[in-house]
Amino acid sequence: MNDYLNSPIVFIDDECIFCNFWGNFIIKKDKSKSIYISSAKSDLFKKFSNRNPNLPDTKETIILIFNGKHYSKSSAVIKIATIMKSWHRIIIIGYLIPKYIRNKLYDFIAKRRKAIMKNDCEIVELKSRKRFIN
């Protein structure tokens, strides 16, 4: 039942269509089949946030919990891509860009994410997936 606790877990804003799109993308393309997606409203996130009060706000960023560490914004995106074990690993070159600049780009996109996508189907689809944790 809790076998996912030792796996990479991505927490997203489950009301955001853009976030749900990327949650679906991760589950579909993850060749490692090890990444789980969960909502920031889940009991699991509450458990992690109680233990780690310095976690960022999931309305502002994606959060990855992996090997006892948390990653957010561009660092989470790069780390997720490397865990996925597919051609997406190429994103690791993003580490060559200073974190400050990467995160400015991340914030630019994040501020506009709700205007980018309008298809509510992404939310329903993600919540029905096997590696989605309620």
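**Exercise 1. Find the place of Lys 33, and work out whether Lys 33 is buried or exposed.**

Step 1. Lys 33 sits in the loop between α1 and β2. Helices (H or I, at least four residues) and strands (E, at least two) are DSSP runs, numbered from the N terminus.

Step 2. With a relative accessible area of 52%, Lys 33 is exposed. The cut-offs are under 20% relative accessible area for buried, over 50% for exposed, and partly exposed in between, using a 1.4 Å probe and protein chains only.

Step 3. Now the backbone: phi of Lys 33 is near 55 degrees, a positive value in a residue other than glycine. Most residues other than glycine have a negative phi.

A word on the ground rules: this is a predicted model, where local features need pLDDT of at least 70 and side-chain atom pairs count only at pLDDT 80 or more, while totals for chains, interfaces and linings use all residues. Residues are numbered from 1 along each chain as its sequence is written, and side-chain values use heavy atoms, with hydrogens and water left out.

**Exercise 2. Work out the strand order of the open sheet and say which strands stand at the edges.**

Step 1. The five strands come in the order β4-β3-β1-β2-β5, and the pairing is mixed. Two strands pair if DSSP finds at least two bridges between them.

Step 2. β4 (69-72) and β5 (132-133) each have a single partner strand, so one side of each is left without a neighbour in the sheet.

Step 3. Go through the pairings. β1 (residues 9-12) and β3 (residues 63-66) run antiparallel and are joined by three bridges, with Val 10 opposite Leu 64. On β2, Val 10 stands opposite Ile 37, and here β1 and β2 pair in the parallel sense over four bridges.

Step 4. β3 and β4 run antiparallel, joined by four bridges, with Ile 65 facing His 70 in β4. These two strands form a hairpin with two residues between them, and Asn 67 in the turn has a positive phi of about 50 degrees. Asn 67 is exposed, at a relative accessible area of 64%.

**Exercise 3. Decide which way the side chains of β2 point, and which helices pack on the sheet.**

Step 1. Tyr 36 and Ser 38 point one way from β2, Ile 37 and Ser 39 point the other way, and all are buried. In a regular strand the side chains alternate between the two faces of the sheet.

Step 2. α3 (residues 73-83) lies across β1, β3 and β4, running at about 110 degrees to β4. Angles run from 0 to 180 degrees between N-to-C directions, with axes as lines fitted to C-alpha atoms, for helices over the stretch in contact.

**Exercise 4. Describe the largest nonpolar core and say which element supplies the largest share.**

Step 1. A nonpolar core is a set of buried Ala, Val, Leu, Ile, Met, Phe, Trp, Tyr and Cys residues joined through side-chain atoms within 4.5 Å. The largest one here has 23 residues, and Val 10, Ile 12 and Ile 80 are among those with the most contacts inside it.

Step 2. β1, α1, β3, α3 and α4 (99-116) each supply at least two residues of this core. The largest share, five residues, comes from α1.

Step 3. A second, separate core of twelve residues includes Tyr 4, Ile 9, Phe 11 and Ile 63.

**Exercise 5. Classify the ring pair of Phe 11 and Phe 48.**

Step 1. The structure holds five aromatic pairs. Rings of Phe, Tyr and Trp (its six-membered ring) pair if their centres lie within 6.5 Å; planes under 30 degrees apart count as stacked, over 60 as edge-to-face and the rest as tilted.

Step 2. For Phe 11 and Phe 48 the centres are 5.7 Å apart and the planes are at 65 degrees, so the pair is edge-to-face.

Step 3. Phe 11 lies in β1 and Phe 48 in α2 (residues 43-51), so the pair ties together parts that are 37 residues apart in sequence. Both are buried.

**Exercise 6. Find where confidence is lowest and where it is highest.**

Step 1. pLDDT is the predictor's confidence in each residue, from 0 to 100. The protein's mean is 86, and 93% of its residues reach 70 or more.

Step 2. Confidence is lowest in α5, at a mean of 71, and highest in β3, at 95.

Technical notes: Contact means heavy atoms within 4.5 Å.
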